[in-house]
Each structure stands twice: as structure tokens, then as C-alpha cells.
Amino acid sequence: MSGSTVCTVCPRRCRLAPGALGACRARRNEGGRVVADGYGRATSLALDPIGKKPLARFMPGTLVVSVGGYGCNLSCPFCQNAEISQAGARDVSWRAVSPDELVAIALDARSRDPRVSGIAYTYNEPLVAWEYVRDCARLAHDAGLVNVLVSNGCVGDAVLDGLEGLVDAANIDLKGFTDGFYDACGAGPGALERVKAVIERLAADPGCHLEVTTLVVPGMNDADDEIDAAARWLAALDGGCGRDTIAYHVTRFFPRWRLTDRGPTPVETVYRLADVARRHLAHVFTGNC
Ligand code: SF4
């Protein structure tokens, strides 16, 4: 189609007609160029304990100004934030927050509470508007703030290239350890391999503290073997990281959005799977229990 273009940010590789939005609702074709529709459009702004991201082993006890926009390149049926992640600009209320303004908000928060360490890009999938993360993160570093990324990690290397040296800590979802699980999340082909490549790259980056989270959904990814394989793989990562540095969060699902046909993950299941992960990893945490 004349004027159409392909977005290469994630494995979905949406072909966008002029003016069209991608599947994530946060990127669009503007004059033959793919731009971030969600750039600087904040739907959520809050001061959170860093442990809530979750980050257990990075600047514990500090607070981060947390910003979220709209859109996501996945459509996990159990999404816990579907009201913003599965929304576009017309479906949700947002306000413009420029990178300068976001950093000013964080500095103001720090002036009132010295526990404020930086900014977290979180709530929806921040990397569907990764250019905003990049621009905010540069200014944040200039101002002496740290940058925390909470992401599904299902993006191409060019996105990580664009963020090189800017992310101080990341929590990346490892949603499951099978292609079938990522298919159920609406990811494009090769999504699991892509997420693994992103985790591998961040694990090898001495400038980025990495933690990983799996939300355990009953009947979907709660087999001992699957968590064992994920933890074994995490522990074996190259780059001088692995057993002693990667923290792994095993968290509890609650029925949300399109997955309301089952109850919350039994707490005993979360504890059991955490013990499975501890066969390989030294720092395993349970969440939502
Ligand atoms: S980020 Fe992914 S879902 Fe969004 S437009 Fe690009 S390829 Fe499509």
C-alpha cells in the first residue's frame, strides 16, 4: 500500500497505512515514518516505593516517581493494567508531561523527601513510546536521578541501542517459558526468543541492575518444570551475572480483564514455585501473596 510502513519496535512488525495506529495503539505512521503516538502522554503519575516495581535489590527503601502512558504490544488476557495497556489516546484520559516537566516533578519530590531516587517508566508497556523514555532518562541522569524500566522486554535491539547507558535498573517480565504462552499473550512470532535476548543483553550490562518477574497463572505457566527451566536459564546467563546478581520474582495472579474463569493463584503454589526457582538462583522473591 502506498505510504505504508512497517514498525520494527517489536516482533509484531505491524504494517501501518498512513495515519494508522499499530496493534499497541501507541505508535503510528506519520508521513511514512513510525512515531510514538504516546510520547509524553501520561495516564498515571505516582510516587511508589521502588520495591513495588518490583525491585528488591536496587536502592532498597527509596521511592521513584512512576509514570505510565497507554498502549502495549502484548495483549495478555490476564493483564492487571488493561484499562491503560489496552487503550489508545481516545480511550483513556491523559495529560501532556514533557521530559522537562517529568524531571522537574521528580526533583520537586526529592526536595520534599530525600528518599526519592529517580523515575520509573512503568504501568503500561513503556517501550512502545521508547523515545519518551530515552528523552526523560537523559535529562534525569543530568539531574542526578536514576532511571528504572519495567517492561515486557519484547522489543528489538534497536530500542535497547537507543537506551544504551540510560537504564540503571530494569525489571523484565518473563511471562512464561514456552512459545505457546507468548502466543496466548498476542505476541508476534519469536517473542520468547526476543525476550530472552533482551534479558541476556541487560544481564551482561554492568551498568544495569536486572531483576525478572514471572506472574504465575493457574493452568497456564504453573508447572514446576517450566519455572525450573526458566530459573536454570537465568542462572546460566553470561556476562558475569547469573546466580548472585539476578533477582527473580514469582508473583501471584488475580483474575482480571479477559481471564476471570479461574481464581487467584494459590499462595502455596507461588511458594512452591519459588522453592523450585531457588534450586538455581540465590535471590528469589514472592509477590502479591
Ligand atoms: S511496537 Fe509492536 S505492536 Fe506497536 S506498532 Fe510497533 S510492531 Fe506494532
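Residues are numbered from 1 along each chain in the order in which its sequence is written. Because the model is predicted, local features need pLDDT of at least 70 and side-chain atom pairs count only at pLDDT 80 or more, while totals for chains, interfaces and linings use all residues.

A residue is buried if 20 or more other C-beta atoms lie within 10 Å of its own, exposed if 12 or fewer, and partly exposed in between, with C-beta atoms placed from the backbone. Helices (H or I, at least four residues) and strands (E, at least two) are DSSP runs, numbered from the N terminus. Beyond its neighbours within four places in sequence, tyrosine 248 is in contact (C-beta atoms, placed from the backbone, within 7 Å) with Val212, Ala231, Leu234, Ala277, Leu281, His283 and Val284.

Leu234 and Ala231 are among the buried residues of α7, together with Ile227 and Ala230. These residues cover an arc of only 95 degrees around the axis, so they are on the same side of α7. The arc is that of the directions from the helix axis to the C-beta atoms. The buried residues of α7 pack against β12 (209-216), β13 (247-252) and α8 (267-277). At 1.5 Å a residue, the twelve residues of α7 (residues 224-235) should span 16 Å, and the end C-alpha atoms are 16 Å apart, which agrees. The expected span of a helix is 1.5 Å times one less than its number of residues.

In helix α2 (residues 99-112), the 14 residues should span 20 Å, in agreement with end C-alpha atoms that are 20 Å apart. Pro99, Leu102, Val103 and Ala106 are buried in α2. Their arc of only 95 degrees around the axis puts them on the same side of α2. Asp100, Asp108, Ser111 and Arg112 are exposed on the other side of α2. The cover over the buried residues of α2 includes β7 (63-68), β9 (116-121) and α3 (130-142).

The ligand is surrounded by residues including Cys7, Cys10, Cys14, Cys24, Arg27 and Asn73 (C-beta atom, placed from the backbone, within 6 Å). The shell around the ligand divides into seven nonpolar, two polar and three charged residues. Here Ala, Val, Leu, Ile, Met, Phe, Trp, Tyr, Cys and Pro count as nonpolar, Asp, Glu, Lys and Arg as charged, and the others, Gly among them, as polar.

Arginine 25 lies in the loop between β2 and β3. Phi of arginine 25 is near 70 degrees, a positive value in a residue other than glycine. Arginine 25 is buried, because 23 other C-beta atoms lie within 10 Å. In the loop between β13 and α8, tryptophan 257 also has a positive phi, near 45 degrees. Arginine 256 lies in the loop between β13 and α8 and touches Phe78, Cys79, Gln80 and Ala82, leaving out residues up to four places away in sequence. A cis peptide bond, with omega about -5 degrees, joins lysine 53 and proline 54.

How values were computed. Contact = placed C-beta atoms within 7 Å.
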